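I open this notebook to record what I looked up, one topic at a time.

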Amino acid sequence: MSKGAIRFILNDEEISLTDVKPDAMLLDWLRLERRLRGSKEGCAEGDCGACTVLVGRLMGDEIIYDSVTSCIRFVGSLHGTHVVTIEHLRGKDGILHPVQQAMVDHHGSQCGFCTPGFVMSLYGLWMRQPQPTQVAIEKALQGNLCRCTGYAPIIRAAKAISSYGAPEADPLRAERIAIKSKIIAIHDGSRVDIGEGPSRIIVPGSLDDFADVYAENPGATIVAGSTDVGLWVTKFMRAIGPVIFIGHLQELKAIKTSADAVQFFAGVSYSEALPVIGAHFPQLGELWSRIAGEQVRNMGTIGGNIANGSPIGDTPPPFIALGARLTLRKGVERREMALQDYFIAYGKQDRQPGEFVESVTLPLLPEGEKFAVYKISKRREEDISALCGAFRVSLDETGAVAAAKIAFGGMAATPKRASAVEATLVGKPWTLATIEAAMAVFEQDYQPISDMRASADYRLLTARNLLLRFFHETTGVSQRLKREVA
Amino acid sequence: MNKHDTSIALATVHTSTRHDSAPKHVSGSAEYIDDMIEPAGTMHAYLALSTKPHAEIVSIDYAAVKASPGVIGVLTAEDIPGENDVSPSHKHDEPIFAIGKVHFWGQPLFAVVAETRDQARRAAHLAKVEYRDLEFVTSVRDAQAAGGKLVTEPLKLERGDVAAGMASASRRVKGSIEIGGQDHFYLEGQIAMAIPGEDEDVTVFASTQHPSEVQLMVAAVLAIRQHAVTVQIRRMGGGFGGKETQGNLFAAVAALAAKKWNRACKIRPDRDDDMTATGKRHDFVVDYDVGYDDSGKIHAVDAVYGARAGFSSDLSGPVTDRALFHADNAYWYPAVRVRSQPLYTNTVSNTAFRGFGGPQGMMAAERWIEDIAYDLGRDPLDIRKANFYGTTTDNVTPYHQTVGDNIIHRIVDELETSADYQARRKAVLAFNAENAILKKGIALTPVKFGISFTATWYNQAGALVHVYKDGSIHLSHGGTEMGQGLYIKVAQVVADAFGVGLDVVKIMATTTGKVPNTSATAASSGSDLNGMAAYDAARQIKERLTAHAAKLYECSEAEVVWVPGGIEAKGKFVGFAELAASGYMNRVQLSAAGFYQTPTIHWDRATGRGHPFYYFAYGASVTEVTIDTLTGEYTVDRVDVLHDVGRSLNPAIDIGQIEGGFVQGMGWLTTEELVWDAKGQLRTKAPSTYKIPLASDVPPIFNVKLAEWSVNAEPTIGRSKAVGEPPFMLAMSVVEALSMAVASVADYKIAPRLNTPVTPERVLMGCERLKREARG
């Protein structure tokens, strides 16, 4: 029954595992099995970045290196990748890597515990953007917490890295050609299937293979980016086996653009989606960069954000407002539905055993329609929404509201349309008086809760005010808070 | 050589030397306790925590725990040979394992010991615990309403005639401010590993700021003498006060297991459990009554400082004391009465955190300054200046210490100019007049912070310096390294004293076996105390070597001159290594224990009088913010800091403390919110729910300067000043700037009185309240 092995490259060593558990995490494996203890555990939930490593994966004929949080990255998900840890950066001659030397010279470490994670995130940034802007640095570091330095010296170091060496001269670059050929060899299209029962790990060879094996094993847990399922293990100690890892499936990373829609397959990560989002849905750009931190955006997938049905997921509100349609698949059978119908109740979605989210299709916004999304959180970045509201309005030739789609996360047990507000708007002229009338009916749509993120009163008041903001922005009186950086 | 003449400077002090561990930090090779390769057979312990805030424990059934895979055993109170207590106040009110009752959600009930950490952690959740619920209180107000039970003796400071002062004041303001607590969020959580030795011996590696106290606690718990316990710490992954006492319990559990099973044992809680089961900064509610006149000058202050102490005393006594010691910040109160209430609550026992109550005391002072300013329609900065301590008069604190080194006027004047405060304030007012939705605020706040432990006996330190025959130096002292750069600063002092390079000095891990009876590395005192103790040790060795050289080269001791790299005697240069070797051959003792006690300080708590602080550190900051009055979101746009560290031992390290302290303080006052739910459970207990600042929260313009002209008036090491805590309070200007922005919605006529942390929600609700009140 058992066939194959989980095979990947760790720094410069080939790894082949046949007895790994489905819930084994990369960080524990590095620290406990391999005694590589440079990567640290700060939170075990992917939020602090002390465990950051780079994972190189094949994209076309290139290896792309993503920063990831190894505390919630399953070992079983590493098949066919190149894992680079902090231990690999310093040369065998003891010479510090340019990223490391910049951090030393700019006093970028104090207690040093978060430092390896920062170095890895900065390494990832430097590889793809050797002369980063302050904004790019901040985005790359959104998933790294430091409690000592106040970040200022780390930002100074980040700006200086390229004066210590160019990525073309990266000592680690030389080994990559050999590593690439090894990775290509691992991806031979065959399924890896090891372990039995709850200890079983399945790494399908293709999308069809995945559809088949999941239909046969509907009790299995699907893991794409592991940014949610990872916490089921590290925080709730839930048993998740058997597990099907799908993060590597190229077919699920497809983005298909047509004249009137963009279809994202479920395995597209937030980072991978960003250029397409920016090109076709620029109104989502700011939200996109405020979803979690860089590492989680590199891991988390569009399908995953929808599939598990969280009431505070960041993508459902704007996707619902845009009229997104889901494609669900079981075996060879597919069905389509409007995204808003997928969320039935808290923790309950319209997904049958053995069925999975294959893709989500976003219709392009017709010319002239007004659309915006606003995320409100206690901390501006790398925070879970207190509420997230998406607004879409089209006006007829008389200037009256022809159609309105408004959806919120964080305001109810599921991502939910504001039907009463929409009804109040439709047919009315797009004026402040109309808006104020609509603001008064939010209570009919939402009775939010108070929790550690916000009070019910704040949620309701802010939701109303966001409608007002949307109105102002569509009428040219735009005033939105913006952090001005040099 | 004069024992207290520490002003000499050679090559390394007063320079921006990098942190000694920096190359290891960036390489992942700096070893923290969890990184040490464990002895074979190391066991792992995990705590089981209560799931009730206040309840009688009816029964605990361990059957499922013991049957869980890998479990070696369960540790309960009955397994403790000595005292089931880790109370640092020695009030015996903080059991390791709860007996009979639990007093907060998250209190340790027992520990599971297993072959792996994962096994221990899973098993710890399997006990069946039956509780009988009791009434509970989690907030300061609830605790006051329930009768105000205290965990330790309150303090009162009084000076002048408060009744007469109030009577003389033409205006009066009464109010209150709620000041939230703060989790330390050290990146490395609590951890300890104990290795049993022969007889009673045990060695404990503990992530602690206070190895000597861990030693004492472990000895008391095991009912053995302190000499059998060795506690060692090379470095912590952050402390901030959270490892002053909170590591004691973990070290004790590891040591208990190690001795019981005669195997090494490690304990490391998950982040959620760490945040649930360990103490934090105290929340305060300060109720105040302030009399002042039409010019804004304060006549009298009468205030009560209620603090959420949690279920036990821990350090709540000295923390609430320090809040009162900083009730003045930099302000002269002609008459003052301030009282503390360290309140019992059914929450985790709160503890030390950078500033140690001082920040809360100072935040309250800034609040009534703001009240006065909005009442009089003045810039709060004018009110601040009008009330600053004088330099020769009006300079006695509420605890009757004369402020003799006041430089706040110069600091504030220079910052006001360098930050272009007046012009920018005008621009902010103009912006607000023109913009309906976005509003700006700007504020300048001062800091004056007292340096010394108020527990006077803590103000001592020891060091041990060895010089080997090859001239290499081995440096130990009682201070611990948590990232603040103490080790490098002390090494600079020693290298400087001997005139050698830093590479000659090996910085040793801190261990109770090298330097005994040490104080916590806390109260910003690390460099002051340990730098001086190490200097004293170096001085002794130098004196012996000087005498030896005089004899060897047949000259007077005065003719032996210490120069970079060695000495000159009668015109001849002798390298330090050669000198050490010849010293050895001539039987000169090349090792010395150094010692230091802070002079001049004294404090009588019973009368509330004394001179508890050796000196004061000063600073000031200007912050500009923009708020969004539709959502309450805001940005901190620019910060300018001028801060006093005396003559800096290491400007790069000190700037790092100021930048880091400011941002940590900003987190405390803005996004770091501790929320307990109706069941008494802390709901913000992981980075997903508890939000410390990110890189993108750092002000895009962040100018930090040292007051380079400042020299400590007292003969501290190199005439430097402490830097650990004082910069933390610079972040108060963020609150005051946010207040101004909120006040703009009511034309600056109503004091906004925002409670902290000033979350976006509080900003929006503040705007709404002011708009309502302005409408009448």
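**Entry 1. Model and domains**

I note at the start that this is a predicted model. I looked up the division of chain B and found domain 1 (22–30 + 460–597) and domain 2 (388–454 + 606–775). The centres of domain 1 and domain 2 of chain B, taken over C-alpha atoms, are separated by 38 Å. To the contact, domain 1 of chain B gives 20 residues and domain 2 of chain B gives 19 residues.

**Entry 2. Largest cavity**

The structure has 13 cavities of 30 Å³ or more. For the largest cavity I wrote down a volume of about 470 Å³. Its lining consists of 33 residues, and B:Met482, B:Gln484, B:Ser524, B:Gln657 and B:Gly724 are nearest the centre.

Which helices supply at least two residues each to this lining? I found α14 (486–498), α15 (526–552) and α17 (651–669) of chain B. The largest share, three residues, is that of α15(B). Sorted by class, the lining of the largest cavity holds twelve nonpolar, 14 polar and seven charged residues.

Where does the largest cavity lie relative to the domains of chain B? Both domain 1 and domain 2 of chain B contribute residues to its lining, so the largest cavity lies between them.

**Entry 3. Second largest cavity**

The second largest cavity comes to about 170 Å³ in volume. It is lined by 16 residues, with B:Glu94, B:Pro108, B:Gln246, B:Leu249 and B:Ala277 closest to its centre. By class I recorded ten nonpolar, five polar and one charged for this lining.

**Entry 4. Second largest pocket**

I turned from cavities to pockets. The second largest pocket holds about 1,400 Å³ of space. Its lining takes in 48 residues, and those closest to its centre are A:Ala24, A:Asp28, A:Leu32, B:Thr116 and B:Asp118. At least two lining residues each come from α1 (26–33) and α8 (229–234) of chain A and from α3 (117–124) of chain B. The largest share belongs to α1(A), with six residues. The lining of the second largest pocket has 19 nonpolar, nine polar and 20 charged residues.

**Entry 5. Four-stranded sheet, chain A**

I traced an open sheet of four strands in chain A, in the order β6-β7-β9-β8, with mixed pairing. Why do β6 (192–194) and β8 (221–223) of chain A stand at the edges? Each has a single partner strand, so one side of each is left without a neighbour in the sheet. Direction ignored, neighbouring strands here are turned by 15 degrees against each other on average.

I checked one pair in detail. Strands β7 (residues 201–203) and β9 (residues 243–245) of chain A run parallel and are joined by two bridges. A:Ile202 has A:Ile244 as its bridge partner in β9(A). Helix α7 (residues 207–216) of chain A packs on this sheet and touches β7, β8 and β9 of chain A. The direction of α7 makes about 170 degrees with that of β9(A).

**Entry 6. Five-stranded sheet, chain A**

Another open sheet in chain A has five strands in the order β2-β1-β5-β3-β4, and its pairing is mixed. Its edge strands are β2 (13–17) and β4 (62–69) of chain A, each pairing on one side only. From one strand to the next the twist averages 30 degrees.

Within this sheet, β1 (residues 6–10) and β5 (residues 82–84) of chain A pair in the parallel sense over two bridges. The partner of A:Leu10 in β5(A) is A:Val83. Helix α3 (residues 115–128) of chain A packs on the sheet, touching β3 (52–59), β4 and β5 of chain A. I noted an angle of about 30 degrees between the direction of this helix and that of β3(A).

**Entry 7. Backbone details**

Most residues other than glycine have a negative phi, and most peptide bonds are trans. I listed some departures.

- A:Gly241 and A:Pro242 are joined by a cis peptide bond, with omega about -5 degrees; A:Pro242 sits in the loop between α8 and β9 of chain A.
- From B:Thr756 to B:Pro757 the peptide bond is cis, with omega near 0 degrees; B:Pro757 is in the loop between α18 (732–743) and α19 (760–775) of chain B.
- B:Ser452 is not a glycine, yet its phi is positive, about 145 degrees; B:Ser452 is placed in the loop between β16 (438–451) and β17 (460–467) of chain B.

Definitions and conventions
Residues numbered from 1 in each chain as written. Chains lettered and ligands numbered in written order. Predicted model: local features only at pLDDT ≥ 70, side-chain atom pairs only at ≥ 80, totals over all residues. Heavy atoms only, no water. 1 Å grid on protein atoms, 1.4 Å probe; cavity = no way out; pocket = protein on both sides within 12 Å on 5 of 7 lines; lining within 4 Å. Points joined across faces, edges and corners; volume = space filled by probe spheres on them. Nonpolar A, V, L, I, M, F, W, Y, C, P; charged D, E, K, R; others polar. Domains from an automatic or database assignment. Pairing = 2+ DSSP bridges. Axes fitted to C-alpha atoms, helices over the stretch in contact; angles between N-to-C directions. Contact = heavy atoms within 4.5 Å.
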